[in-house]
Amino acid sequence: MKIPVLILSTALFMASCSSTKNMDANLPKDISERPADENSQKYEQAQLDKLKASIESEISKEKCTDPAEWTFAPMGAKACGGPQLYIAYPKKLETSILPKINDYTEKVKAFNQKYGIMSDCMLIIAPTSIKCVNGKAELVNS
């Protein structure tokens, strides 16, 4: 009688060990692995940051040697109105970069309105010129 009980116990033990391997598939994922909620403010801010970074990255690939070959544009939007900043870019990239800058600005305006964003309402003065410093364009306010 002891042998059938031992065989039955061993069989149950083996069956229980193999069934626990698949239990993890039913557990909730770690929060860090969960996809971002595409309707959240944090997600939309991250998308804006990526767009801004790609614009800045595209511009930074160009070396500034002659300020006459560069210009600037307002970028972003404050909640109270006016741009968040001005950005310098090479004139040769104007047809490709300016639509991206305008797209970013419109998306920031929509973001500000959607989430009721507040800003400091300080007026950002447009630069008067551009100078090249160590191969990078810098905006000059005088």
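User: Before I read how the chain folds back on itself, what counts as a contact?

Analyst: A contact means heavy atoms within 4.5 Å. In this chain, among contacts between residues at least 6 apart in sequence, 58% join residues at least 24 apart. This is a predicted model, in which local features need pLDDT of at least 70 and side-chain atom pairs count only at pLDDT 80 or more, while totals for chains, interfaces and linings use all residues. Residues are numbered from 1 along each chain as its sequence is written, and side-chain values use heavy atoms, with hydrogens and water left out.

User: In what order do the elements of the chain run from the N terminus on?

Analyst: Helices (H or I, at least four residues) and strands (E, at least two) are DSSP runs, numbered from the N terminus. Here there are three helices and four strands, and their order is α-α-β-β-α-β-β.

User: How should I read the pairing of strand 1 and strand 2, and how many bridges join them?

Analyst: Two strands pair if DSSP finds at least two bridges between them. Strand 1 and strand 2 run antiparallel and are joined by six bridges, with Trp-70 standing opposite Pro-90 in strand 2.

User: Is strand 2 largely enclosed or open?

Analyst: Burial is judged by relative accessible area: buried means under 20%, exposed over 50%, and partly exposed in between (1.4 Å probe, protein chains only). Of the six residues of strand 2, five are buried, so the strand is largely enclosed by the rest of the structure, whereas 22% of the 142 residues of the chain count as buried.

User: Which residues lie nearest the centre of the largest pocket?

Analyst: On a 1 Å grid over the protein atoms alone, a pocket is an open set of points where a 1.4 Å probe fits, with protein on both sides within 12 Å along at least five of seven lines, and lining residues have an atom within 4 Å of a point. The largest pocket is lined by 13 residues, and Ile-59, Ser-60, Trp-70, Ala-88 and Ala-137 lie nearest its centre. Helix 2, strand 2 and strand 4 each supply at least two residues of that lining.
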